[in-house]
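Let's take a friendly walk through a protein model together.

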Amino acid sequence: MVKKIESSEEYDSALKNSKSVFVDFFADWCGPCKMVGPVVDKVSEQYDDVTFLKVNVDDFPDIAQRYGIMSIPTLLGFRDGQLTSKIIGFQPEAGIKDAVEKIR
């Protein structure tokens, strides 16, 4: 299941307290984001050991700025709080699964 972030503190806590985190940076008005969102949702159901988050860049520009996100969707993978992978733009299910596998 993908958790939509409601505060910067919630985001920071998830990164700190989870071994593997996969984050979908999106905006409601973004067409490719609407395409990749359901794919991330589907992949998230296959991994109990990875925390999946969604961050709306319009609501939390401060979080997006931390990683220099200029294009969305951007998908980031973290292991032990460290950024390990970055995907920009739409990605099919196989590409997302590959990225998730690398952070497990």
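Lys-54 lies over the face of Phe-26, at 4.3 Å from the ring centre. A charge counts as sitting over a ring if NZ of Lys or CZ of Arg is within 6 Å of the ring centre and within 35 degrees of the ring normal.

Before going on, a word on what you are looking at. This is a predicted model, in which local features need pLDDT of at least 70, side-chain atom pairs count only at pLDDT 80 or more, and totals for chains, interfaces and linings use all residues. Residues are numbered from 1 along each chain as its sequence is written, and side-chain values use heavy atoms, with hydrogens and water left out.

## The sheet

In which order do the strands of the open sheet lie? The five strands follow the order S1-S3-S2-S4-S5, and their pairing is mixed. Strand S1 (2–4) and strand S5 (82–88) stand at the edges with a single partner strand each, so one side of each has no neighbour in the sheet. From one strand to the next, the twist averages 25°.

Helices (H or I, at least four residues) and strands (E, at least two) are DSSP runs, numbered from the N terminus. Two strands pair if DSSP finds at least two bridges between them.

| Strands | Sense | Bridges | Facing residues |
|---|---|---|---|
| S1 and S3 | parallel | three | Lys-3 and Leu-53 |
| S2 and S3 | parallel | six | Phe-26 and Asn-56 |
| S2 and S4 | antiparallel | six | Val-23 and Leu-76 |

## Helices on the sheet

Helix H1 (residues 8–17) lies across S1, strand S2 (20–26), S3 and strand S4 (74–79), and runs at about 150° to S2. Helix H4 (residues 93–103) also packs on the sheet, where it touches S2, S3, S4 and S5, and its direction makes about 140° with that of S2. Such angles run from 0 to 180 degrees between N-to-C directions, using axes that are lines fitted to C-alpha atoms, for helices over the stretch in contact. Contact means heavy atoms within 4.5 Å.

## Inside strand S2

Are the residues of S2 buried or exposed? Ser-20, Phe-22, Asp-24 and Phe-26 point one way, Val-21, Val-23 and Phe-25 point the other way, and all are buried. Buried means under 20% relative accessible area, exposed means over 50%, and partly exposed is in between (1.4 Å probe, protein chains only). Because seven of the seven residues of S2 are buried, this strand is largely enclosed by the rest of the structure.

Setting aside residues up to four places away in sequence, Ser-20 touches Asp-49, Val-50, Thr-51, Phe-78, Arg-79, Ile-103 and Arg-104. The C-alpha atoms of Ser-20 and Gly-77 are separated by 7.5 Å, although these residues are 57 residues apart along the chain.

Phe-25 also belongs to a cluster, in which ring pairs link Tyr-11, Phe-25, Tyr-67 and Phe-78. The count comes to four aromatic pairs. Rings of Phe, Tyr and Trp (its six-membered ring) pair if their centres lie within 6.5 Å; planes under 30 degrees apart count as stacked, over 60 as edge-to-face and the rest as tilted.

Which residues does UniProt list for "active site"? The unreviewed entry gives Cys-30 and Cys-33; annotations of this kind may be inferred rather than shown by experiment. Cys-30 lies in the loop between S2 and helix H2 (31–44), whereas Cys-33 is found in helix H2. Cys-30 is buried, with a relative accessible area of 4%, and Cys-33 is buried at 5%.

Leaving aside residues up to four places away in sequence, Cys-30 touches Ile-72 and Pro-73. With its neighbours within four places set aside, Cys-33 is in contact with Phe-26, Ala-27, Ile-72 and Pro-73. A cis peptide bond joins Ile-72 and Pro-73, with omega about 0°. Pro-73 lies in the loop between helix H3 (61–66) and S4.

Asp-80 lies in the loop between S4 and S5. This residue has a positive phi of about 55° although it is not a glycine, and at 49% relative accessibility Asp-80 counts as partly exposed.
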